Amino acid sequence: MRRQVLLFFSMLSLCPVFGQVSYSIPEEMSKGSMVGNIAQDLGLDLKRLKSGKARLHVGSSAEYIELNKEKGLLLIKERIDREALCKQTTPCALHFQIILENPIEFYRVTVEITDINDNAPIFKMNNMVFEISESAVRGGRFVLEKAIDYDVGSNGLKSYSLNPTDNFVLNLNDNTDGGKEVEMVLEKPLDREKQEQLTLTLTAVDGGEPQLSGTVQIHVTVLDANDNAPVFTQKTYKASLLENSQKGTSLMTVTATDRDQGSNGFVTYSMSSNTEGILDLFEIHGTSGEVRLVGKIDYETSKHYELNVKARDQGGLTDSCKILFDIIDVNDNTPLIDLMSTTQSIPEDSTFQTVVAVMNVHDADSDVSGVVKCFLSDSEPFIIENTSNGFYSILTNGDLDRERASEYNITVTCSDEGVPSLSSSVTLTLQISDVNDNAPVFERSSYEAYIVENNTPGLSIFKVKARDADWNQNARVSYILEDSSVNGVPVSSYVSVSADSGVIHAVRSFDFEQIKDFQFRVKAQDGGSPPLSSNVSVKILIQDQNDNPPQVLYPVLTGGSVVAEMVPRAADVGYLVTKVVAVDVDSGQNAWLSYKLQKATDRALFEVGLQNGEIRTIRQVTDKDAVKQRLTVIVEDNGQPSRSATVIVNVAVADSFPEVLSEFTDFTHDKEYNDNLTFYLVLALAVVSFLFITCLVVIISVKIYRWRQSRVLYHSSLPVIPYYPPRYSDTLGTGTLQHVYNYEVCRTTDSRKSDCKFGRAGSQNVLIMDPSSTGTMQRIQSEKSILDEPDSPLEQKPPNNDWRFTQGQRPGPSGPHMPYGTHIRWTPKSGTRATGGPEVAMGTGPWPQPPTEAEQLQALMAAANEVSEATATLGPGTMGLSTRYSPQFTLQHVPDYRQNVYIPGSTATLTSNPQQQQATAQQATQQALPPPQVSAQPEPPKAAQTPASKKKSTKKEKK
């Protein structure tokens, strides 16, 4: 494959650098084949191809070439057929441009398509038929149909061969256009009697490698004698033709003569051409030889047309001639505007002569009809310049302002110089993007607003408004309260500004008497980057409201003294007694005060000036007038609604001070003070009396309650039921009773270091307490060693006959449903209890009769009273025992309730005699248990006595 590269550059002053590169490639290259390294040939960086969004611009023609921006290569996009692309035109080339953006650049690329031998010569006719008279003389010529080879150059048609050559030989004649005229020359006369039909083969061979060929069959029919062939008057006919000629126009008439007579002298005409499509444009009349235009011709498609005309007589003799048409160009093509690159939007702050668009303008006409000039319909603020042959650029020619014009419709008109001149136009729409170049502008240079005092916080005062000529985010205005202070207080504690709406709200309630007006500044800031802002001064004026009553400055009444004005009895009419002086801190008409006499001891004696508050006599003072005169003056302002204040003026009508003093010794405020004091004393006495009676009732109730409890405990006929705290109660009954029976165990502070054992007869269950009181109580199934010890003081003796009483002899509750049993329970610190299982025997026999409901209720109430009394006396430091059991208290201090006490439903006997307990335990052990078969378990060692325990033991012995 041969590839030629031609590269040249041209520098232009008003546009980016343009270059041109040419390549030469053969046709029929496979898709994806490389045409050339355009980046290397143009000296472009691959990054520039990517950043500039390089692309190919081919105009209206098909895209055969594509650009690989990653490698900078031109590749075959579609298979190229030179014959379909250019037909017989040479050279055949593709012309396109490479466009780059940011900045806009373009390069011309020409790819020449060279021919390869891919087309064999072909004949349009499947066979040729000739009728030749036998009288044809030697040397007679018969024009053959030429073969067509779509290849050009050396690959085109090269030679012909004829086979067989018994009667005819092949003759090739060179034409003026470089082609060859193929003739079959009669070499040997024909004899119809010997051979009426001849079949020859004409072979056309091209000059390519490998060599290709095409054949056609020639059928010759030998006719009877016709010895004269038609002869054209001219071998070549020439004519000129305007390209806008109408269809049906008669172009010329060709003439051929035959000297034969009759049918042998009748000549017919036919037309042929090697150029495809020509026969669709021209036709010839078969008998007259008139040539007419039947199609539309175009100078831009072909500038010359060549036709072959053949004349044939009835004897089969022919002659041929050639017609040449030269096409004259007319201005029938408008300029074609091809927008190569356009910009949809540019910012309004674009620099001078920024390229907006690049276009290519082409006029297919020739000479002056193809000369084009372009201009803009409305030039401001853009211009168009011709950067190179046929290429134009549209540039900015002034400042852009989006606020003045946000969009431009640029109309480009291009016209040629033909007659008449033809033109075409195209309109570009260019958007001007906004730049934050306008600050917000307030509607007013300053603002003043009024608000009535005592307003509600959050009240809307008024609204400031600013407008921004920019667009979208750049025109979004936010309002900000600038930092300042009013009387040393930040202005933000007075008012606030809504950032979106600009509404100014009052943050606090204003007081006209404290502040009458204040100023601050509000800043309007847009959302651009960087933001622009402007500010405006705002003045808030507080309007007064009648919210203050008048204040009397004189006379002043104090709590401890009386001020009285003296009027001599000889006072005349209009005598000035005193003047009430009052002020109102409001302003305007709210501070206009008027004075009126509301009450008076003698209204006919005094009057008050409406405006000045002067109290004067309106008649002569007489001896009948009371010495003590009391005047009530009301002072009102002029507000809406009006507010008022009253003042009491004491007037003494007397000539001397002692007389006045005697009248004013007992005054109202002393009486009021005494009345208040009496009320508080009575209230205090009532409260103290109530508290005393309440305490007395509570004390008496407690005493009576305790007395009743002691009476129930010591005078009841029920057996004594010891106290067991609620936390050690048990609801798990064993044996034949519903509940277990509990005993209270009282221990000293050091008794936790000793061992305690609790045994019972008739059962093998023994509860062992851990000396540290932290272990879990366990039930030992076989405690034979303890039961076998004869000295155990806690063993129970078997039942005796003393228990067998009749129902009438038994004191207290009786029966098998007695809710208490003989069960000793210890709850350790960990909270785990050991309860007797089903094997625990609670007794050997039931009571003869069940207890009555009254007996059960009496026993339960006695137990509840004992529990309540013991719980009330519990205190810290006694390890959950009653406070009556002091640390020095031992088991000897407990009243011996076990004497003469029986346990219903049990065979156990409680006694205070240790020897009797021991004997009873031994007897019970011998009766209840079999002899021991294993060695007795050694008794756990007892803890050593501490000094405290020794001291307690000594006290026990003394007692």
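In this predicted model, the link between Cys 374 and Cys 414 is right-handed, with 110° about the S-S bond. Cys 374 belongs to strand β28 (residues 372–376) and Cys 414 to strand β31 (residues 407–416), so the bond ties together parts that are 40 residues apart in sequence. The sulfur atoms of this disulfide are 2.0 Å apart.

When the bonded cysteines are numbered in sequence order, the pairing reads 1-2, 3-4. Two further cysteines can be described by their accessibility: Cys 321 counts as buried at 4%, whereas Cys 695 is partly exposed at 46%.

Attention now turns to the strands. Strands of a sheet pair through backbone hydrogen bonds, either parallel or antiparallel. With strand β42 (residues 517–526), β43 runs antiparallel, and nine bridges join the two. Here Lys 523 finds its bridge partner in Asn 535 of β43. Strands β42 and β43 also form a hairpin, with six residues between them.

Elsewhere, four strands make up an open sheet in the order β25-β27-β30-β29, and their pairing is antiparallel. Its edges are β25 (336–342) and β29 (382–388), each of which pairs on one side only. On average, neighbouring strands of this sheet are turned by 25° against each other, direction ignored. Within the sheet, β27 (residues 355–362) meets β30 (residues 391–396) in an antiparallel pairing of five bridges.

A pair of aromatic rings is described by the distance of the centres and the angle of the planes. The structure holds 15 such pairs. Among them, Phe 442 and Tyr 447 are arranged edge-to-face, with 6.4 Å centre to centre and 75° between the planes. Phe 442 and Tyr 447 are both buried. Another pair, Phe 510 and Phe 518, is tilted, with 5.6 Å centre to centre and 35° between the planes. Phe 510 is buried at a relative accessible area of 1%, and Phe 518 counts as buried at 3%. Ring pairs also link Phe 442 and Tyr 447 with Phe 462 and Tyr 479 into a cluster.

Rings also take part in contacts with charged side chains. The charged end of Lys 303 sits over the ring of Tyr 299, at 5.1 Å from the ring centre. Likewise, the charged end of Lys 516 is placed over the ring of Phe 512, at 4.9 Å from the centre of that ring.

Key
Residues numbered from 1 in each chain as written. Predicted model: local features only at pLDDT ≥ 70, side-chain atom pairs only at ≥ 80, totals over all residues. Heavy atoms only, no water. Disulfide = S-S within 2.5 Å. Buried < 20%, exposed > 50% of the residue type's maximum accessible area, 1.4 Å probe, protein only. Pairing = 2+ DSSP bridges. Axes fitted to C-alpha atoms, helices over the stretch in contact; angles between N-to-C directions. Phe/Tyr/Trp six-rings, centres within 6.5 Å; stacked < 30°, edge-to-face > 60°. Lys NZ or Arg CZ within 6 Å of the ring centre and 35° of its normal.
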